[in-house]
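Please take the sequence and the model that follow, and read them side by side with the paragraphs below.

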Amino acid sequence: MTERSVSFTLNGEQREAKVDPRTHLGDFLRHSLGLTGTHLGCEHGVCGACTVIVDGAPVRSCLMLAVQIEGSVVETVEGLGNPDSLSTLQQAFVTNHGLQCGFCTPGMLMTLEAYLRSTPMPTERDVRIAISGNICRCTGYEGIVQAALDVAATRADRT
Amino acid sequence: MSARYFGAAVTRLEDARLLAGKGQYVDDIELPGMLHAAFVRASFAHGRIRSIDTSDALAMPGVAAIYTMADFEDIAHGPMPPMAPHPLLKTPITYHPLANTEVRHVGEAIAIVLADSRAKAEDAAAAVVLDIEYLPAVSDATLACDANSPRAHSQHTSNIAATMKAGFGDTAAVFAKADHVLTEHFDIHRGGCHSMECRGVVAHIDLLTGALTISTSSQSPYMVRRHLAGYLKRDENDIRVMTPDVGGGFGPKANVYAEEFAVALAVIKCRRPVKWIEDRQEHFVATTQQRGQTWTLDVAFDNDGRMHAIRGRCIHDNGAYAPYGLILPATALASFPGPYALEALDLSLDVVLTNLVPTSPVRGACRPNVAFLLERLADRIARHLGIDRQEVRRRSFVRADQMPYSTGMKARDGSPISYDSGDYVGALNLVLDEIDAANFPARRNEAKQRGKLRGLGIASCVEDTGLGPFEGASVRVTPAGKVVIASGASSQGQGHRTAFAQIAADVLGVELEDVTIETADTAKFPLGISTIASRIAVTAGSSVQLAAHKVRAKAIAFASHQLEVDEHDLELAGGAVHVKGIPDMKIKLSEIARTLSGNTGMPMPGDMEPDLAATAYFNSNALTFAYGANACEVEVDPDTGDIRVVRYVVVHDCGRMINPMIVDGQIRGGVVHGIGNALFERMIHDEEGQPLTTTYGDYLLPMASEMPRIEIHHMETPSPRNPIGVKGAGEGGTIPAAACVISAVEDALGPNGPFIALHPISPQQVVTWLDRN
Ligand code: FES
Ligand code: FES
């Protein structure tokens, strides 16, 4: 198959790349661009580990072809913060023990990042439903849920 | 030495890089010239391999090589070595790295395809032509016991690989004089592992050292090295095994796998780096699964509900192979009698081979099964006698004043099992208080007004932790004053780095951030066993403490010599050794480390041994026993059969806690795993051994929307059996959870409902039960 060119915005930077039409977005990010923060847990659209944000919406990068991001704005976990300057949400995961092995974590972060932008004041039930498409085998979810609630509460305080 | 970090809920040192997407998991490793592997796998459960035709596949674009077992003949041959040999298994029942004559479960690897991308390797794997003669398969362990059943291995005369026994006391006599005897049949379903990261291996030959170098998503890097060295007839030093960040283990990643061997053999053959990453479908058919068993138990008890004796028989579905020996079934027998003080016990367990994926320990191994059996029996006795469920337990548990308590059972080495410490009745009372059991009837009524059936469940357990023989650790202060801990204990998310740093930082008077950890690289530390059986805090944690104390003593000896001050007048704080009460009279650890690194031509001061470093191995010679009592409330919708766990309370005692936040995290995750076992996780096979649930659309895992908050209360009875007083915490959440949830569902269904002796249970099942009332 002949490669196609795609141009898109990735974590705030304009990018161009060549891509095999059958490559999904997750593999493209991980193996062509070296952004290995996005993880693949099932490659059939259920576990949510591969979630990235495309044009503001959380998307399963294992279910989207890389060629589909032409003209889009893509955000991955690498765009959230650095180890020495974590985002508020990332920091809330630290404080609430929202991760153990860290494998589901990038998908959880991106799902919640997109969710909290559109839903500033969720209830616990809302948060649980928001991440009901993300599997975590380690934490039992509680620390993740609390992290999101803490972020929402801090943001509400500030406004 | 004051504890600043030990016991504190400090946040984890691991987190920042993982949160920023900077973790290094095995699939994140790229090597120049690396080939990608895909396996050709058996598509039916039992068959004889007649021929494998790779010619079309080899001609496909990007394909570099395809190997079958026959291609490795010049390097190595025969079945893989058993990880845990057992005298009852006369011939080990292990895989070949690639099946050579017979396949015995769907998913067994037959050939390895190497190509320049994974997609091309998968395409070519699909083009390999297999000629396999169909053989009848057996997928049900009970049917497999029948003399006329097909054999899981065609050369065997029976599917029963071993019969294991355990017990003590005169069971016949106790049963003969008992007021009551009941018999129940239990069915505990096998489920899967489902670490969110599947398995994976990257291997290459290091050009500098010539060592076969392997990064693997494993709990047991040292076992991979040991067994691979044995298989290849190489020195262990010629093989280096590392575990990078590992995305969850939960037990199955403690096995040494055929794919690890096959990738290593392929690298030796093709002399190029090779990566294999298991996909989720493969995980369903090639990663070991958990604890499918059926049990028939008789229980003898008196009019007060005091349990006196149990006898029973188990059929244990071991799947097609026993890569892990008999460890899993052994944990079933060893978990008796749980918290119950029995006079007699008589158990027999048949280890049965079927044409399914092998089973091996998954979070709790068979301990959750035994908690389920014992707790269900306690509820059953209460129902039979019309007394409170908690009364059966209060009257039957080992009492705190009986500690240490010899259960009557024997350990693997023949020594008597003795519970070191604990208050099982106290834990039960506490959990009932915390869930407010006294006012449960009011909550049941309130739920009834809303059309819901509410039930209260209880379950307790005892958990052996700190399995021997050892894990070691070395502690070293660098000339920059940083502390480096090396250990063989691999981590899969348990926060070892933080916990070890907490221990060492206290002993050495440094900040947490000054401590770094190197674990699970066979080139960095000589020996290791495995991260299994809730053993690392006890074994490696104690070793870190012992090694740090040796380093501390050495720093003090050095400072005493330099400052001409008595050793007793010195202490460590702020990264220095200083005179007690005079913080300015000090020598920094960095300076000591620098001096002890040596200067050309200069003698060592005080003729001290070079290096501010020490190594220790804590031999864990006696198990430590953690325990817990759980209580939960469920609500059942009588129309749909939907079950919601609405409250879940844990009382847990794992001795002293290094980091309560990490302990709570382990318990929460463990409980949710157990709720999954009770309500969701169902690995279905047809009678031909075909798996029918190989996606997360079919195989349900517990999700955030269905899970309650888990409330945790600690009792802290320090273990006298190790220097830091800890017991393990990795599995204690899971062990009683399924029993607790099922107890609550049974309670919700009311006195006319069934005695529930199986799990998982489904909404359909609940509706059927309710219709029968
Ligand atoms: S990897 Fe995309 S949803 Fe699981
Ligand atoms: S932290 Fe391990 S899967 Fe979520």
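Just after helix H1 of chain A, Gly34(A) adopts a positive phi of about 75 degrees; helices here are DSSP runs of H or I with at least four residues, strands are runs of E with at least two, and both are numbered from the N terminus. This is a predicted model, in which local features need pLDDT of at least 70 and side-chain atom pairs count only at pLDDT 80 or more, while totals for chains, interfaces and linings use all residues. Residues are numbered from 1 along each chain as its sequence is written, chains are lettered from A and ligands numbered from 1 in the order in which they are written, and side-chain values use heavy atoms, with hydrogens and water left out.

Helix H1 itself spans residues 25–32 of chain A, and its buried residues are Leu25(A), Gly26(A), Phe28(A), Leu29(A) and Arg30(A), where buried means under 20% relative accessible area, exposed over 50% and partly exposed in between, with a 1.4 Å probe and protein chains only. The cover over these residues includes strands S1 (4–10), S2 (13–19) and S3 (51–54) of chain A.

Turning to chain B, one finds 19 helices and 29 strands, and the C-alpha atoms fill a box of roughly 90 × 75 × 50 Å along the principal axes. Of the 773 residues in chain B, 64% are buried. Among the contacts of chain B between residues at least 6 apart in sequence, 80% join residues at least 24 apart, a contact being heavy atoms within 4.5 Å.
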